[in-house]
Amino acid sequence: IWLNSTVPVSQLMGMSVSQYTSQRSQDDEYTQTYTTHMKSAITNLLTNDQSSTTNIALIFDFDDTFIYKPGFLQMMQNGLFEQAYAIGITLAPGMNELLMMAVQNEIPVFILSTSEKDIASIIRDNFGDVVADAVGDNILRTRVVQVDDSKTLTISKGQVLKEFIQGTIPSDYIGPSFTDIYGKNTDPQTLHVLFADDIDENIESVATEMEGVVAKCHTFKAKLENL
C-alpha cells in the first residue's frame with residue numbers, strides 16, 4: 001500500500017530545502033516501504049525455523065535503496081535543480097529499525113553496488129557508528145572486465161553475489177568472504193537471500209543467478225523516488 005502525498009508546486013516553490021525535507025519526513029511516517037516487507041520476511045523466516053539451520057543475508061543496493069534524497073525527483077521535475085542537489089542523503093524509511101532487527105538476530109548486512117564511492121565512509125560520516133557497524137566492511141561491488149582491446153563486460157550483481165556465495169571470486173578481489181562470515185561448514189542451500197534494489201534489471205539478475213545456489217532468494221523493489 002503506497003500513500004504518497006504530493007506537495008503542490010505553488011507550495012513547493014515557497015519552501016526552503018529544510019522545510020520541504022521536513023514535509024516529506026512527515027509523509028514518510030505514513031508510507032509503507034520495502035523495508036516493512038523485509039522485516040516481515042525476516043520475522044517469518046525466524047518464526048518458521050524450528051531447527052536453527054536457516055541463514056539469512058540482508059543485501060541492499062546503495063543509492064536510492066539503502067539511502068535516498070527525500071523529494072529529489074519532484075524538485076528536479078519542477079526545475080528546482082539547486083534545491084534538489086542541496087538535499088542531504090538519508091536512510092530509507094524504516095531502515096534503522098530493519099538494521100536493529102538484523103543486529104539483534106545476528107543477520108549479516110551487505111551493500112551490493114555499482115558505485116565506486118567509499119560507501120563505508122559515507123555511511124559512517126552521515127549515519128554514525130551504529131549504522132556503520134551493522135554493515136561493517138560487507139561491501140560487494142560489480143566490476144568491469146576487459147574482454148578484448150575494444151570490448152568490456154560488466155559483471156552483474158547476480159554474478160557477483162553468486163561468486164561471493166560459491167567462493168569463486170577473482171584472485172584480486174578485496175572484500176568480505178562468505179566463509180569468514182557464515183563459517184566454512186555453512187551450506188549455501190540453507191541461505192535465504194533478501195535483496196532490495198530500485199532497478200528491475202538488478203533484481204532479475206540476482207533472482208536468476210541465485211536459482212539453485214541458495215535456499216531461496218526474496219527480492220524487494222525499492223520505490224523511494226516519490227518520497
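Modeller: Axes are lines fitted to C-alpha atoms, for helices over the stretch in contact, and angles run from 0 to 180 degrees between N-to-C directions. This is a predicted model, in which local features need pLDDT of at least 70 and side-chain atom pairs count only at pLDDT 80 or more, while totals for chains, interfaces and linings use all residues. Residues are numbered from 1 along each chain as its sequence is written, and side-chain values use heavy atoms, with hydrogens and water left out.

Colleague: How many helices and strands does the chain have?

Modeller: Ten helices and nine strands. Both are DSSP runs numbered from the N terminus: helices are H or I with at least four residues, strands are E with at least two.

Colleague: In what order do the strands of the open sheet come?

Modeller: The order is β5-β4-β1-β8-β9, five strands with parallel pairing. Two strands pair if DSSP finds at least two bridges between them. β5 (139-141) and β9 are the edge strands, each pairing on one side only. On average, neighbouring strands of this sheet are turned by 25 degrees against each other, direction ignored.

Colleague: What about β8, buried or exposed?

Modeller: Buried: strand β8 (residues 191-197) has seven of its seven residues in that class. The cut-offs are under 20% relative accessible area for buried, over 50% for exposed, and partly exposed in between, with a 1.4 Å probe and protein chains only. Leu191, Val193, Phe195 and Asp197 point one way from β8, while His192, Leu194 and Ala196 point the other way. For the chain, 41% of the 227 residues count as buried.

Colleague: Which residue in β8 does Ile59 stand opposite?

Modeller: Phe195. Strand β1 (residues 55-60) pairs with β8 over six bridges, in the parallel sense. β8 also pairs in the parallel sense with strand β9 (residues 216-221), over six bridges, and Val193 has Cys217 in β9 as its bridge partner. Between β8 and β9 the chain passes through helix α10 (residues 200-210), a right-handed β-α-β crossover. Right-handed here means that, with the strands pointing away from the viewer, the path from the first strand over the helix to the second runs clockwise.

Colleague: And the β4 side?

Modeller: Strand β4 (residues 109-113) and β5 pair in the parallel sense over three bridges, with Leu140 in β5 as the bridge partner of Leu112. Helix α7 (residues 119-135) lies across β4 and β5 and runs at about 155 degrees to β4. α10 also packs on the sheet, where it touches β4, β8 and β9, and its direction makes about 175 degrees with that of β9.

Colleague: Different topic. At what angle do α3 and α6 pack?

Modeller: Helix α3 (residues 34-48) and helix α6 (residues 95-104) pack at about 20 degrees, with axes 9 Å apart. They are therefore roughly parallel to each other; angles under 35 degrees count as roughly parallel, over 145 as roughly antiparallel, 65 to 115 as roughly perpendicular and the rest as oblique. The residues that meet include Met38 and Ile42 in α3, and Leu98 and Met101 in α6.

Colleague: Last one: how many residues of α8 are buried?

Modeller: Seven of the ten in helix α8 (residues 157-166), among them Val160, Leu161 and Phe164. Gly167 follows α8 and has a positive phi, near 75 degrees.

Definitions and conventions:
Contact = heavy atoms within 4.5 Å.
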